[in-house]
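Thanks, everyone, for making the time this morning.

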Amino acid sequence: MTSAPELPTTYAPTAEFAAAANAGPELAERARADRLAFWAEQAERLHWDRKWTDVLDWSNAPVARWFTDGRLNVAYNCVDRHVREGRGDKVAIHFVGEPGDTRDLTYADLLAEISRAAHHFQSLGLVPGDRVAVYMPMIPEAIITMLACARLGLTHSVVFAGFSPAALRSRVDDAEARLVVTTDGQFRRGTPAGLKPAVDEALSAPGHTVENVLVVRRTGQDTPMTAGRDHWWHDTVERQPAEHTPESFDSEHPLFILYTSGTTGKPKGILHTSGGYLTQAAYTHHHVFDHKAGQDVYWCTADIGWVTGHTYIVYGPLANGATQVVYEGTPNSPDEHRHFDIIDRYGVSIYYTAPTLIRTFMKWGRQIPDAHDLSSLRVLGSVGEPINPEAWRWYREVIGHGDTPIVDTWWQTETGAIMISPLPGVTAAKPGAAQTPLPGISAQVVDEEGNPVVLGETEANGYLVLDQPWPSMLRGIWGDMERYQTTYWDRYAKQGWYFAGDGARLDPDGDLWVLGRVDDVMNVSGHRISTAEVESALVGHTGVAEAAVVGASDDTTGQGIVAFVILTATTENTGDTLVNELKAEVSREISPIARPREIHVVPELPKTRSGKIMRRLLRDVAEGRELGDTSTLVDPAVFTAIAEAKGD
Ligand code: WT7
């Protein structure tokens with residue numbers, strides 16, 4: 001009998017990799033010796049028009065001020081600086097369009113385009129502090145728009161172009177945006193689909209603050225324009241001068257708002273500012289990915305609609321003068337070879353993606369990556385959800401030719417940049433674990449009362465907290481500072497710690513494993529979706545009286561959305577017809593990413609005596625488990641009825 005070869009539990013960097021790596025063990029030592037001096041050193045990566053007086057002012061906690069009184073221009077740091085230092089001819093972006101069109105933009109090209117857009121935005125009367133909504137697919141103009149905003153001190157709010165008109169409208173209203181930048185359409189698996197019509201629909205009801213809509217031509221579709229409000233990019237931006245003088249802004253000047261799901265139906269506008277954010281974006285991109293300007297070709301597969309796209313496509317890489325691939329489409333368009341073809345063609349050396357895609361690649365089979373030369377890859381990254389060890393090993397073995405370090409990066413929209421991750425030249429990586437807070441970052445795993453979980457023979461589970469402020473931390477929730485306090489700071493108010501909303505465990509080596517959300521937030525393909533949001537979309541349908549939504553584990557997407565609905569008395573249960581209609585309703589109301597995997601029509605929902613829906617029990621049902629403790633339920637018999645309705 002042969003036994004399976006034992007898999008290594010850790011994967012140490014090779015001596016060769018470690019010797020050449022940006023980060024060595026001394027990085028953590030320096031941070032430990034003097035944390036604030038360490039961050040000041042990191043801030044020196046940037047160009048400051050005026051140096052800060054204090055590294056950190058935490059006197060107004062939980063609203064931090066980093067690099068106080070310092071002044072800088074974020075766009076200057078991401079673009080002008082490289083041109084001035086003689087790197088204008090270097091490619092910043094290798095753009096690959098979904099239909100196969102390509103376009104290379106050097107840093108000098110990028111500077112000219114951003115300057116033109118900045119002139120145009122100024123001509124529209126926008127002034128520092130105004131908000132601009134960006135609703136665009138992954139094309140260079142989206143990045144140009146974000147950087148033109150940064151250049152002028154305008155605060156951008158990027159709304160994922162897969163979101164519905166209703167979702168766009170609520171974000172535009174919350175931020176009181178004066179300008180929306182969009183495209184005529186976007187490509188979806190080779191087919192153009194309209195996008196501007198969604199903006200028109202979003203703005204159709206009066207009462208919004210939008211004065212102008214700027215439209216980039218991408219798909220060439222017929223696009224009705226509203227006179228006086230709408231303008232084409234090619235008629236306006238492209239006629240502006242290519243030189244623009246940047247001014248400097250306070251280190252705490254608002255850079256962007258990005259909406260993310262919370263535990264209620266209303267998304268939170270996470271606010272990020274300038275100096276601290278850019279410092280940590282650049283620092284983490286440099287060390288976690290071991291990025292070497294002039295050598296590496298970097299590719300982060302995220303969309304700019306998410307924070308990963310903000311920090312690891314726009315701000316971090318560009319601040320570091322990276323050459324990167326920006327790809328517009330999906331991984332299976334025109335076929336499953338797309339990503340590997342791009343890696344091969346551009347010699348991508350650093351590749352950063354989500355576990356859900358890795359699991360999809362696994363399903364497609366290794367013959368697809370094996371058909372390509374992936375030898376250029378030298379660092380692989382993972383983000384968005386815990387990566388299961390099997391997917392981790394496959395990623396290293398098949399994509400990373402068995403010798404490429406993997407960085408499993410934990411962070412959140414709120415943290416702005418990577419917080420917990422192996423360092424590729426330092427850490428002996430452990431499949432499935434984010435392992436170690438980065439140098440300069442401090443995290444703990446604690447119980448309800450805030451006692452650190454005890455490292456022992458067995459694994460210790462608890463809640464993940466960040467017990468020291470960090471430069472790229474959120475500065476609040478736009479328009480709702482009370483919610484900022486209650487969501488993140490009330491839980492450990494006594495200690496003054498940030499509550500991340502994730503469960504975590506420390507293994508006997510002291511390595512940290514992030515287990516997932518402990519609140520009513522689901523993680524579907526690395527996207528955060530609140531149960532409340534989906535429930536409210538469902539009850540928005542006239543036939544639904546009540547809805548309860550849970551995230552059930554899913555082999556590919558991490559979690560899948562499972563909904564239980566009670567119909568109104570007058571609604572007939574037409575089976576699949578109704579269920580499909582309800583699924584479509586959720587797609588329409590929120591986005592196709594929020595479309596439930598399953599919807600079960602049930603006669604009743606399990607509730608506690610105080611009327612709270614017992615989601616834990618519904619999750620048991622959704623995952624086909626034995627029921628947990630039902631003693632607090634009003635009527636345990638409700639499960640028999642649910643099981644019957646579910647067809648178990
Ligand atoms: C939530 C944040 C940060 C960019 C993408 C998501 C989960 C994220 C990991 C990881 C385990 C992870 C957490 C976190 N998460 N990365 N490496 N291991 N879980 O940003 O939408 O703000 O979601 O994603 O649950 O709280 P986000």
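I will go through a group of strands, then the nonpolar cores, and finally a pair of helices.

Please keep in mind throughout that what you see is a predicted model.

Let me begin with strand β29, which spans residues 558-567 and is mostly covered, with eight of its ten residues buried. On one side of the pairing we have strand β28, residues 544-554, which runs antiparallel to β29 and is joined to it by ten bridges. If you want a landmark for that pairing, look for V549, which stands opposite A563 in β29. The two strands, β28 and β29, form a hairpin, and three residues lie between them.

β29 also pairs with strand β30, residues 598-601, but here the strands run parallel, and four bridges join them. The landmark in this case is V562, which stands opposite E598 in β30.

Now to the cores. Which residues touch the most other members of the largest nonpolar core? They are F121 and Y315, in a core that counts 113 residues. Helix α6, residues 140-152, supplies the largest share of this core, namely nine residues. If we take Y315 and set aside its neighbours within four places in sequence, its contacts include V74, C78, M146, L147 and A150, and also H156, L255, F256, Y277, L278 and H310. Another core, of 42 residues, lies apart from the largest one, and among its members are V159, A167, V180 and V579.

Finally, the helix pair. The axes of helix α2, residues 26-33, and helix α3, residues 35-43, come within 5 Å and cross at roughly 125°.

Staying with α3, its buried residues are R35, F38, W39, A40, Q42 and A43. Those buried residues pack against α2, but also against β1 (54-57), β2 (65-68) and α10 (275-288).

Terms used:
Residues are numbered from 1 along each chain as its sequence is written. This is a predicted model: local features need pLDDT of at least 70, side-chain atom pairs count only at pLDDT 80 or more; totals for chains, interfaces and linings use all residues. Side-chain values use heavy atoms; hydrogens and water are left out. Buried means under 20% relative accessible area, exposed over 50%, partly exposed in between (1.4 Å probe, protein chains only). Two strands pair if DSSP finds at least two bridges between them. A nonpolar core is a set of buried Ala, Val, Leu, Ile, Met, Phe, Trp, Tyr and Cys residues joined through side-chain atoms within 4.5 Å. Contact means heavy atoms within 4.5 Å. Axes are lines fitted to C-alpha atoms, for helices over the stretch in contact, and angles run from 0 to 180 degrees between N-to-C directions.
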